[in-house]
Amino acid sequence: MAEYLCLNGESIGPDTLEQWRCGRCGREAELGDFLAEWYSEADFVTLHTSGSTSKPQRIQAAKEAMRASARLSCEYFGIIPGTRALLCLPLRYIAGKMMVVRALVSGCELLLGEPSSRPLATWHEPIDFAPLVPMQAAATLQEPGGLAQLAQVKTILLGGSFIDPALTEALQAVPSRIFASYGMTETLSHIALRHVNGSLRSEWYTPLRGISLSLSADGTLQIEAPHIGISRLTTNDLAEIAADGRFRILGRRDSVINSGGVKVQAEEVEQTLTAATGLPLLVVPAPHAILGQCVALLWEGALNKEPVLMKAIDSLPAYHRPRIIRHIDALPRTATGKLSRAQAAAMLR
């Protein structure tokens, strides 16, 4: 059976796509390109990883696996015909593509917005579901009326990067249901979710139906997801798994800094400093003649916050204290808005 996309009240299918694409530009042209690939006879779609921790890569994903992932998400969030879902993420990456696939398999109405820092500013009507990156939620809350903008979305799905403690606290004032997702390009979007606000707020993720998890010998998370063809996918995320199957992420194995034989988890230092200062920052390894590696820090924000930052640094254990500290105008980010540890390390090199 042919899949039709309901876009802003207009139906687009394989038999009408070419006519619809004529004269389209910008976001609509991007969407048309993806639909052409989706409606083609090929069984696979080309995906691009974000490149937040390493060089971006191209991978091939089976369309049937993408459908299975989308159905599981729609089941969890209650996305059905009549649901109004906003797409304001880039279509180049998995999060944007999967929102289109969810609309195709569920029959919900897809609203096409811009992937800007404040994507809800131009919407003045209720929205049932919207995936956002944390940067978009934070930027929205900083503008007048931002709380009301988020409140017009019944369910918000945050993904793509770390949610800092200050944003988590600010989101407690939003009446919407807000979830954080765990997933990656290889898992075709999220395989687990946690509540960010409300009485169910938690730092522990709950796997979706059919997902099994275990830990590797190195303590990294391993994923079994038969519905999307994944068997023992070993991630770089150090994790803890509870007896009831929930899990929490402790950091990334590839962001461990070995400083003179002392292992320093970059995310742990970042979270401590961000909680104390509210500043955006990145901790990365830098070469050191004696220690082999040392902790380095890049930060952005008002220069008058430097004394607060230095006080927070002084409270850290000795080997956790950055030996290189640089203030920059803007931290390096990927096209999806994630802070890029790989680019930051390259800058220091």
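How many helices and strands does the secondary structure of the chain comprise? The secondary structure comes to 10 helices and 20 strands, where helices (H or I, at least four residues) and strands (E, at least two) are DSSP runs numbered from the N terminus.

## Basis of the report

This is a predicted model, in which local features need pLDDT of at least 70 and side-chain atom pairs count only at pLDDT 80 or more, while totals for chains, interfaces and linings use all residues. Residues are numbered from 1 along each chain as its sequence is written, and side-chain values use heavy atoms, with hydrogens and water left out.

## Overall dimensions

Along its principal axes, the C-alpha trace spans about 65 × 45 × 40 Å.

Of the 349 residues in the chain, 49% are buried; buried means under 20% relative accessible area, exposed over 50%, and partly exposed in between (1.4 Å probe, protein chains only). The accessible surface comes to about 16,100 Å², of which 52% belongs to carbon and sulfur atoms; such areas come from the Shrake-Rupley method with a 1.4 Å probe, and for residues only the protein chains shown count as cover. Among contacts with a separation of 6 or more, 56% are accounted for by residues 24 or more positions apart, a contact being heavy atoms within 4.5 Å.

## Aromatic pairs

The structure holds 8 aromatic pairs. Rings of Phe, Tyr and Trp (its six-membered ring) pair if their centres lie within 6.5 Å; planes under 30 degrees apart count as stacked, over 60 as edge-to-face and the rest as tilted. The rings of Phe77 and Phe179 have centres 5.3 Å apart and planes at 80°, so this pair is edge-to-face. The pair links distant parts of the chain, with Phe77 in helix H3 (residues 63–77) and Phe179 in strand S9 (residues 177–184), 102 residues apart. Both Phe77 and Phe179 are buried.

For Tyr205 and Phe247, the ring centres are 5.4 Å apart and the planes are at 20°, so the pair is stacked. Here too distant parts of the chain are linked: Tyr205 is in the loop between strand S10 (189–195) and strand S11 (206–207), and Phe247 is in strand S15 (residues 247–252), 42 residues apart. Tyr205 and Phe247 are buried. Ring pairs also link Tyr76, Phe77, Phe129 and Phe179 into a cluster.

## Selected buried residues

Met99 is located in helix H4 (residues 94–106) and counts as buried because its relative accessibility is 0%. Apart from residues up to four places away in sequence, Met99 touches Ala85, Leu86, Leu87, Leu110, Phe129 and Pro131. Trp20 lies in helix H1 (residues 17–21) and, at 5% relative accessibility, counts as buried. Leaving aside neighbours within four places in sequence, Trp20 contacts Leu7, Glu10, Ile12, Glu28, Leu31 and Gly32. The C-alpha atoms of Trp20 and Glu10 are 9.9 Å apart in space, with the two residues 10 apart in sequence.

Ser340 is found in the loop between strand S20 (324–327) and helix H10 (341–348). With a relative accessibility of 0%, Ser340 counts as buried. A polar atom of the Ser340 side chain lies 3.1 Å from the backbone nitrogen of Gln343.

Technical notes:
A polar contact is a pair of N or O atoms within 3.5 Å; within protein, one must be able to donate a hydrogen and the other to accept it, and residues adjacent in sequence count only if both atoms are side-chain atoms.
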